[in-house]
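Hi,

Here is the structure I promised to pass on. Please open it alongside this note; my findings follow below.

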Amino acid sequence: MNITIPKLPLDKLIVALLDMLTTNFAFITKALSNITGIAIDFIVNGLMLFPPLLLILILAGLGWWLAGRKIGIMALVGLALLWNLRLWQSSIETVTLVILATCAAVALGLPLGILAALFPRFKKIIMPILDFMQTMPAFVYLIPAIPFFGLGPVSAIFATVIFAMPPTIRLTILGIIKVPEELIEAADSFGCNKKQKLLKIQLPLAIPTIMAGINQTIMLALSMVVIAAMIGAGGLGGEVWKAIQRLQPGMGFEAGIAIVILAMLLDRITQKIGQKYK
Amino acid sequence: MDEIKDKIKIKNVTKVFGKHPEKALKLLDEGMSKDEIFQKTGQAVGLNNVNFNVREGEILVVMGLSGSGKSTLIRCVNRLIEPTAGSTIIDDVDVNKLTIDELRNLRRRKFGMVFQNFGLFPHRTVLANTEFGLEIQNVDPAERQKKAMDALNLVGLEGWEDADIAQLSGGMQQRVGLARALAVDPDILLMDEAFSALDPMIRRDMQHELITLQERMKKTILFVSHDLDEALKIGDRIVLMKDGRVIQIGTGEEILTNPSTEYVKRFVESVDRTQLLTAKSIMNKARAVGYPKDGPRTVLRRMRDEGLSSLYVVQRDYTLLGIVTADAAKKAIDDNKNTIADIIDKDIPHVKGDELLSVVITILAERQLALPVVDENEKLLGVVVKGSVLSALAE
Ligand SMILES: Nc1ncnc2c1ncn2[C@@H]1O[C@H](COP(=O)(O)OP(=O)(O)OP(=O)(O)O)[C@@H](O)[C@H]1O
Ligand SMILES: [Mg+2]
């Protein structure tokens, strides 16, 4: 039996939509693309100016100061290993992408989360979108990024921002909403207006939760930046990608271990910062 | 002559929780009970046509069992809960007619609120909590710190201003709650079961402290409690509520001696304790005493520290000599007297420890001051105050 119901032209619709966006908004994406490209180059080149060993010492010291001795030592050993494996430049590239993407995701996600927490109607709109963003397989975002920003790290950042932003939004909402009703009532009884309530009560009490969200955003950003090697993002993901294409498992694992080291360092340090606010 | 002013007027206030209050209002008019209305319409009646006034400078206690609508009522006064019908009037201003901004201003200027679970901000220190109301009013930092420190001193928390809230015991936390409310120097204190979460000893201390503070402050206090004992101890008048209605208003004595309904009677029901209890069983320790060799200034300071208007004078071995009033002590200072020895009023009524409550009551009825209790050697054992007689009767 033949099925004769025609296929819905969902693909064509999406392509048409993307075409429309690229032709009409190219000037914005171009500008964004340029700015981001410059920022990436600036940071990577800047960091590469330092002698690697000096930078490793500085970063380990920073880790110690932010998160304690144990993590400081962990950073020292881990970063030295990256350098020894000749993966220093790739690591710097990857971390730069992660940091830029995280900054953008937080800069967008935090206000969106605050709005959603304060306005239930906006929350109703944004929640299904967040579900959609998170369940869509990560690398699907890469495809539409290319027509906007071309192949390379800029596309990678934009796909990463979309993929990594939801936890910041979600946990900002959660942190604000779970401020106990009795504290809100106490604030109201003294005649607080909305802004005072937000700045003096809701946000400060939500900080630990928001920090947990940012931590998750960083982890997602790292995983996405690695996947984005497929569209030429370079960095450690690029090393993995090369290893796959050349069937060199040794090289692939070296880059993989480097990613794990970065993930652990970023995770521990941001967690420790979050705990400080408790 | 000044007449006592009504500070808060609660007029026909009704609150229905639910999506269709109009249905419930109609059934209330038809005289249906709260339970029936809930069964029929799913609307919860919180308050049903409540009417009473709170006088300027009094402590009025709203009392009733759980679910009787006490919290709803106190929140209708500053509109934390919007009443379905009726209005509250503060100093001739109808709170329910105010815009949001006007309401905010009214809350800032007139009200201090203290909550059962304290409602303190865990991310702020004791001082920053106490400053909160002033900060909201944009008072400048130096002044608000000074005012907050004064409020903390008032509740006996000097030295704790930099502590975190989590470091404090329940009793101390509620002192912070009280200081936070007092720091804005409000006309009206709203206290919703402010002491209910505290254990009995600390609770009694806090009640005592509130009474002492009130003697100085003369705020208008609306105090919610589910505890008759507490209501009798601190209330100038008591409002009894049941199922969202007011069923009796009056002083503690009125309610004890003349319960208006079976329900009130059950609330206060007890055997005739006046023939069972003795003076010794209900007395409190004298908080401070004077000695004949004390100077008038010393005695006066002691009174002030304890918030008393007179002091019992005893010999070294605690034999009761008499009483010195603040007025007499002040006069002695003017007369340049070195000791209080010859301003002691020696002709004061007192009772033995085993005297029955019925006798104590008749003596106390004629007196403003506390009644001293002595042993067979005329040594001071303690004092009986009106409040403790009433609460003993209520138990
Ligand atoms: N937000 C609400 N939604 C629905 N019903 C409510 C709400 N708040 C209170 N009620 C109902 O209103 C009635 C009065 O509640 P209220 O909290 O004022 O009682 P209360 O006297 O303070 O009791 P408690 O001693 O337990 O604090 C109760 O029947 C309660 O179920
Ligand atoms: Mg209550």
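How many salt bridges does the structure hold over all chains? The count is 32. Keep in mind that this is a predicted model.

**Salt bridges**

Side chains of opposite charge can pair when their charged atoms come close. Here are some cases from this model.

In chain A, the side chains of A:Lys7 and A:Asp11 form a salt bridge, with N and O 3.4 Å apart. A:Lys7 is exposed, because its relative accessible area is 63%, over the 50% cut-off. A:Asp11 is partly exposed, at 42% relative accessibility.

In chain B, B:Arg175 pairs with B:Glu209. Their closest N and O atoms are 2.8 Å apart.

B:Lys293 counts as exposed, with 55% relative accessibility. B:Asp294 is buried, at 6%.

There is also a network of salt bridges in chain B. It links B:Lys5, B:Lys7, B:Glu56, B:Asp91, B:Lys110 and B:Asp187.

**A buried glutamine**

Look next at B:Gln173 in helix α7 (residues 170–183) of chain B. B:Gln173 counts as buried, with a relative accessibility of 16%. Which backbone oxygens lie by its polar side-chain atoms? One belongs to B:Leu168, at 3.1 Å from a polar atom of the B:Gln173 side chain. Another belongs to B:Ile165, at 3.3 Å.

**A nonpolar patch on chain A**

A:Phe25, A:Phe27, A:Ile28 and A:Leu32 make up a nonpolar patch on the surface. Together they have about 380 Å² of accessible area. A:Ile28 belongs to helix α1 (residues 10–49) of chain A. A:Ile28 is partly exposed, with 38% relative accessible area.

**Ligand 1**

Which residues come nearest to ligand 1? They are B:Ser66, B:Gly67, B:Lys70, B:Ser71 and B:Thr72, out of 13 residues around the ligand. The shell divides into three nonpolar, seven polar and three charged residues.

An N or O atom in the side chain of B:Thr72 lies 2.4 Å from an oxygen atom of ligand 1. For B:Gly67, a backbone N or O atom is 2.8 Å from a ligand oxygen. For B:Glu193, a side-chain N or O atom is 3.3 Å from an oxygen atom of the ligand. Ligand 1 exposes 630 Å² when taken alone, and the protein buries 60% of that.

Which elements give two or more residues to the shell? They are β2 (44–55) and α3 (70–77) of chain B. The largest share, three residues, comes from α3(B).

Best regards

Definitions and conventions: Residues are numbered from 1 along each chain as its sequence is written. Chains are lettered from A and ligands numbered from 1 in the order in which they are written. This is a predicted model: local features need pLDDT of at least 70, side-chain atom pairs count only at pLDDT 80 or more; totals for chains, interfaces and linings use all residues. Side-chain values use heavy atoms; hydrogens and water are left out. A residue is near a molecule or strand if one of its heavy atoms lies within 4 Å of it. A polar contact is a pair of N or O atoms within 3.5 Å; within protein, one must be able to donate a hydrogen and the other to accept it, and residues adjacent in sequence count only if both atoms are side-chain atoms. Accessible areas come from the Shrake-Rupley method with a 1.4 Å probe; for residues, only the protein chains shown count as cover. Helices (H or I, at least four residues) and strands (E, at least two) are DSSP runs, numbered from the N terminus. Ala, Val, Leu, Ile, Met, Phe, Trp, Tyr, Cys and Pro count as nonpolar, Asp, Glu, Lys and Arg as charged, and the others, Gly among them, as polar. Patches are made of residues with over 30% relative accessible area and no salt bridge: like charges are joined within 9 Å, nonpolar side chains (Val, Leu, Ile, Met, Phe, Trp, Tyr) within 5 Å. A salt bridge is a side-chain nitrogen of Lys or Arg within 4 Å of a carboxyl oxygen of Asp or Glu. Buried means under 20% relative accessible area, exposed over 50%, partly exposed in between (1.4 Å probe, protein chains only).
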